[in-house]
Amino acid sequence: MYNMEQYDDDEIDYMHQEDAWDRDLLLDPAWEKQQRKTFTAWCNSHLRKAGTQIDNIEEDFRDGLKLMLLLEVISGERLAKPERGKMRVHKISNVNKALDFITGKGVKLVSIGAEEIVDGNAKMTLGMIWTIILRFAIQDISVEETSAKEGLLLWCQRKTAPYKNVNIQNFHISWKDGLGFCALIHRHRPELIDYGKLRKDDPMTNLNTAFDVAEKYLDIPKMLDAEDIVGTARPDEKAIMTYVSSFYHAFSGAQKAETAANRICKVLAVNQENEQLMEDYEKLASDLLEWIRRTIPWLENRMPENTMQAMQQKLEDFRDYRRLHKPPKVQEKCQLEINFNTLQTKLRLSNRPAFMPSEGKMVSDINNAWGNLEGAEKGYEEWLLNEIRRLERLDHLAEKFRQKAAIHEAWTEGKEEMLQKHDYETASLSDIKALLKKHEAFESDLAAHQDRVEQIAAIAQELNELDYYDSPSVNARCQRICDQWDALGAMTQKRSEALQRTEKLLETIDQLYLEFAKRAAPFNNWMEGAMEDLQDTFIVHTIEEIQGLSTAHEQFKATLPEADKERQAILGIHNEIAKIVQTYHVNMAGTNPYTTINPQEVNAKWDKVRQLVPQRDQALIEEHARQQNNERLRRQFANQANVIGPWIQAKMEEIGRISIEMHGTLEDQLTHLRQYEKSIVNYKPKIDQLEGDHQLIQEALIFDNKHTNYTMEHIRVGWEQLLTTIARTINEIENQVLTRDAKGITQEQLNEYRASFNHFDRTASTKQRRSGENTSVCRVVLPDQSFNDPSTRKH
């Protein structure tokens, strides 16, 4: 920040009255508008010498670059190298360099800091420009020992003194009627304004006349509009001072040239010099007019170039013209006017007739040609700047178009191939749902890129409106992008519909798969159970058991029609899936995810069940026949066993009684027993027949018989006991006969002995049967108790 510091009292006195520069005046909208317009025009009148200009005074000086350039142009000195960065610190550095340069010229800056300029503070920016104007446009004005503002005011008063209705006392209301501006122009260039036709009551005409003439013929840019001055009670003093200072500088050069011409006239004293001056004038005028004639068509050439480089070259050529080619011609024109004035003065002092140049070579002719030149020059400069701005805009738009188009094309790369994929045809339902979510994300991304496509089209349209040289390629690229965008939209919609359609189909198929699995699983279990039951080896021992199995089998066969309906319903689900697949060309990627059972397996198992049913029928029939045969064998064995068993028991009991109750002689008893034995032996064929039936039962693997309590083992044991008992009883009688004969025992003694023996034998036999001992050969051994006990029967 630059703070106000007091320099020597004698230094820059012109600044004393401006130190208290009232920034609050800038808050007056009319004055601020006048200052903006005036200061902008003043800056551009210098900046155009460097081939540039400003549009917004507080914005265009923020980076400090054009501010430094302005100071270089108006001072003719080089400033420090500016910073080219875009950051705030770079901008502040550039503005500080400019402010340091101003301070170095002895200018006091009051509360003006780089930060305020960079921030676009309008008041501070206008204050800074006014300080520059004071230093470089007003400070050096000196008239009759007065300088700066007072000198400029005195110069105005001196120049306008001969004109009626002009009274310049200040730099505001004294200029409202416009006559002051017109008087200054007429005083120096009377041919430009017919002052006698001006009226004090028509300030708008006066001001517009002065401003237009100054702009057209004096190269003084129009810094204010007539409305700005007339429409304000008190025009802005700084704006008027700036404008008037431009008139001073425009005319001071001509005034100096006039003085120089007068001095030359005093030196030229002889007619030869006058003649030489005439020749020089003619030649110089011819050369100058010829140069103007050649230059004006070049300046009037408005053929635009297609590239910024070519237009920059035109601008560089124009700068060379301004810097190298025009200044010598300006000097020649000035010299021509000096020579002409000098010559006329010398001729007048010599009482010779005035010099009349050749036709078309009058000073007025040269001035007119020069005015045309400057008019063409000004128009050419404006055209160059406009063209450069247009090309800058075009280059910016073209680059922006290329960048956005490249970004869009990079984004669209591979999108068409992705949208044209038929990956959903082989996808599962979960894959389809994932693809749908992915596609929804892509649709969102596509919608987000709509703005970029619209921007690309808008930029292409603007390039066409601005006559961009490469519009055909831009249009072609834009058309390709738009066509591709439309195609992407159509393909996106088509893929979305295909995905949704496939999802619905797969959901339907998935439901059918689930229903198939739910019904096929229990049906498959039923068939597997049925096959297991049908193939199960059954073991039965009775006709009732086989009849129970047959009844259960018939009940099972009764369920087969319903089972077949269920099978057909299950197969119908599969057929419906196949129909959907065939109708809509669905490419199934896998099998039923809910079950491993397939229709072929269901049919195969069903066929197996159907095959096993008649086999089971046959097996049951055969088993039933076998059980009927077994039952016949049982009954046949039981019928005989139920007769033989009791017969053996009865015989055993008879033998017991005979052995106890026998009467008569031993020989009679022996004869009777042998006859009894013979009757028992004669029963043996029935035993053998029972053995044959028993053999058949064993071969038939019959292990039980509910029709009898007797087993073959019981019969055998009873038969063997019966034979053994009768044999022992006979042997006992024979032994008694031998004993009698050997001992000489009488029949009566033997009977008495036997009676005594039998009495004790009954008790002993009972005890011996309990202990299992045999103490008498004549004891009748009965079959074991188990013979009559059904609970001990072998199965």
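This is a predicted model: local features need pLDDT of at least 70, side-chain atom pairs count only at pLDDT 80 or more; totals for chains, interfaces and linings use all residues.
Which residue follows α21 with a positive phi? The residue is His 585, and its phi lies near 55°.

## The chain as a whole

The protein chain holds 26 helices and two strands. When contacts with a separation of 6 or more are considered, residues 24 or more positions apart account for 77% of them.

## Helix α21 and the residue after it

Helix α21 covers residues 560–584, and its 25 residues reach 36 Å from the first C-alpha to the last, which is close to the 36 Å expected at 1.5 Å a residue. The buried residues of α21 are Leu 560, Ala 563, Asp 564, Arg 567, Ile 570, Leu 571, Ile 573, Ile 577, Ile 580 and Val 581. An α-helix has 3.6 residues a turn, so residues three or four places apart point the same way.

His 585, with its positive phi, comes after this helix. As background to that value, most residues other than glycine have a negative phi.

Helix α25, made of residues 712–743, has 32 residues, and the reach from its first C-alpha to its last is 46 Å, close to the 46 Å expected at 1.5 Å a residue. Just after α25 comes Gly 744, which takes a positive phi of about 80°.

Helix α8 comprises residues 148–160, and because its 13 residues should span 18 Å at 1.5 Å a residue, the 18 Å between its end C-alpha atoms agrees with expectation. This helix is mostly covered, with 10 of its 13 residues buried. The buried positions in α8 are Ala 148, Lys 149, Gly 151, Leu 152, Leu 153, Leu 154, Trp 155, Cys 156, Lys 159 and Thr 160.

## Packing around helix α4

Helix α4 (residues 65–75) packs against helix α5 (residues 88–104) at an angle of about 25°, and the two axes are 8 Å apart. An angle under 35 degrees counts as roughly parallel, and α4 is therefore roughly parallel to α5. Their crossing is left-handed. On the α4 side, Leu 65, Leu 67, Met 68, Leu 71 and Ser 75 take part, meeting Asn 94, Val 95, Lys 97, Ala 98, Phe 101 and Ile 102 in α5.

Helix α2 (residues 29–47) also packs with α4, in this case at an angle of about 65° and with the axes 9 Å apart. That angle makes α2 roughly perpendicular to α4, and α2 passes α4 in a left-handed crossing. Trp 42, Cys 43, His 46 and Leu 47 of α2 make the contact, together with Lys 66, Leu 69, Leu 70, Val 73 and Ile 74 of α4.

## Two aspartates with positive phi

Asp 219 is not a glycine, yet it has a positive phi of about 60°. Its place is in the loop between α10 (203–217) and α11 (226–230), and because its relative accessibility is 38%, Asp 219 counts as partly exposed.

Asp 467 likewise has a positive phi of about 60° although it is not a glycine. Asp 467 lies in the loop between α18 (450–465) and α19 (471–535), and at 60% relative accessibility it counts as exposed.

Leu 192 is found in the loop between α9 (179–188) and α10. The relative accessibility of Leu 192 is 17%, and since buried means under 20%, this residue counts as buried. Once its neighbours within four places in sequence are left aside, Leu 192 is in contact with Ile 185, Val 213, Tyr 217 and Leu 218. Its C-alpha atom is separated by 9.6 Å from that of Cys 182, a residue 10 residues apart from it along the chain.

Ser 286 belongs to helix α13 (residues 271–300), and at 25% relative accessibility it counts as partly exposed. Although Ser 286 and Ser 358 are 72 residues apart along the chain, their C-alpha atoms are separated by 9.6 Å.

How values were computed
Residues are numbered from 1 along each chain as its sequence is written. Side-chain values use heavy atoms; hydrogens and water are left out. Helices (H or I, at least four residues) and strands (E, at least two) are DSSP runs, numbered from the N terminus. Contact means heavy atoms within 4.5 Å. The expected span of a helix is 1.5 Å times one less than its number of residues. Axes are lines fitted to C-alpha atoms, for helices over the stretch in contact, and angles run from 0 to 180 degrees between N-to-C directions. Angles under 35 degrees count as roughly parallel, over 145 as roughly antiparallel, 65 to 115 as roughly perpendicular and the rest as oblique. A crossing is left-handed if the near helix is turned anticlockwise from the far one by less than a right angle, and right-handed if clockwise. Buried means under 20% relative accessible area, exposed over 50%, partly exposed in between (1.4 Å probe, protein chains only).
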